[in-house]
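Visitor: Could you take me through the surroundings of the ligand, step by step? I am new to this structure.

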Amino acid sequence: MRLDFFIANATDLSRKDAKRAIGKGRVERNGHPCRQASASVEAEDTITLDGASLALPGQRYLMLFKPEGVISATTDSNQPTALDLLPAGLRDGLHIAGRLDKDTTGLLLLTTDGAWSHRITAPRAACRKTYRVGLDEPISRDAISQLETGVMLKDESAPTLPAGVQLIDDRTMELTIQEGRYHQIKRMMAAVGHHVSALHRLRIGDITLDADLAPGEYRDLTLDEIRSVS
Ligand code: URA
């Protein structure tokens, strides 16, 4: 893990303030000042801030940029899983908070903390998820207003809750939903006569996929991100 993430996770400092503290030489790694925010921290390293020893809290929280072709599962004998993208030593006890389809890309949250992930996935939590949706055909005003009102999905008895729609261009939009029904976005778009050609999750609650991550990369969540799920 990077030193600045370690400091931000183990203290109340934001990542920016952690970088500042590192730059000022307030952080020591194994007894020597370390002024490089990107320096790596291994399990056996001793890290201090102003002389006080730091430890990560017991639970682990990660974001992963899920690439296409990877399934949202912890293990599978035939197909590559999201957990396979993490180093073996980091996988133990992690589960996925909100799955994505195999062909969907973007933000995947992984944690060891069941209570925390429940606050993301429980229907009553109504946690907002924002997706960038690519379509084969230009979307109509009528389809947008149906999504904003709520649509009836095939084989279901209650309409979806009103969705937030932001048009990017006539074939691309950002769609924000509060539910997590099976294949929800694809089925919502099918209900208004559209086929989804690309689907990418940008945000869960107040946690946004880090623009510095490439597909397949991950990072620890900051303390602020962890605490934003309440
Ligand atoms: N809705 C879908 O249809 N697929 C996903 O992967 C996520 C939301």
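Guide: Happy to. One term to begin with: buried area is the accessible area (1.4 Å probe) that two parts lose on being put together, summed over both. Between domain 2 and domain 3, about 860 Å² is buried in this sense, 47% of it on carbon and sulfur atoms. This is a predicted model, in which local features need pLDDT of at least 70 and side-chain atom pairs count only at pLDDT 80 or more, while totals for chains, interfaces and linings use all residues. Residues are numbered from 1 along each chain as its sequence is written, and side-chain values use heavy atoms, with hydrogens and water left out.

The protein chain is assigned domain 1 (3-53), domain 2 (61-123 + 210-227) and domain 3 (128-204); such bounds come from an automatic or database domain assignment. The centres of domain 2 and domain 3, taken over C-alpha atoms, are 23 Å apart. Contact (heavy atoms within 4.5 Å) links 14 residues of domain 2 with 10 residues of domain 3.

Now to the ligand itself. Both of these domains give residues to the shell around the ligand, so it lies between them. Counting residues with a heavy atom within 4 Å, the shell consists of Leu100, Asp101, Thr104, Tyr131, His183, Gln184, Ile185, Lys186 and Leu199.

Next, the polar contacts, meaning pairs of N or O atoms within 3.5 Å. The side chain of Asp101 has an N or O atom 2.7 Å from a nitrogen atom of the ligand. From the backbone, an N or O atom of Ile185 is 3.1 Å from a ligand nitrogen atom, and one of Lys186 is 3.1 Å from a ligand oxygen atom. On its own the ligand has 230 Å² of accessible area (Shrake-Rupley method, 1.4 Å probe), and the protein covers 94% of it.

Key:
A polar contact is a pair of N or O atoms within 3.5 Å; within protein, one must be able to donate a hydrogen and the other to accept it, and residues adjacent in sequence count only if both atoms are side-chain atoms.
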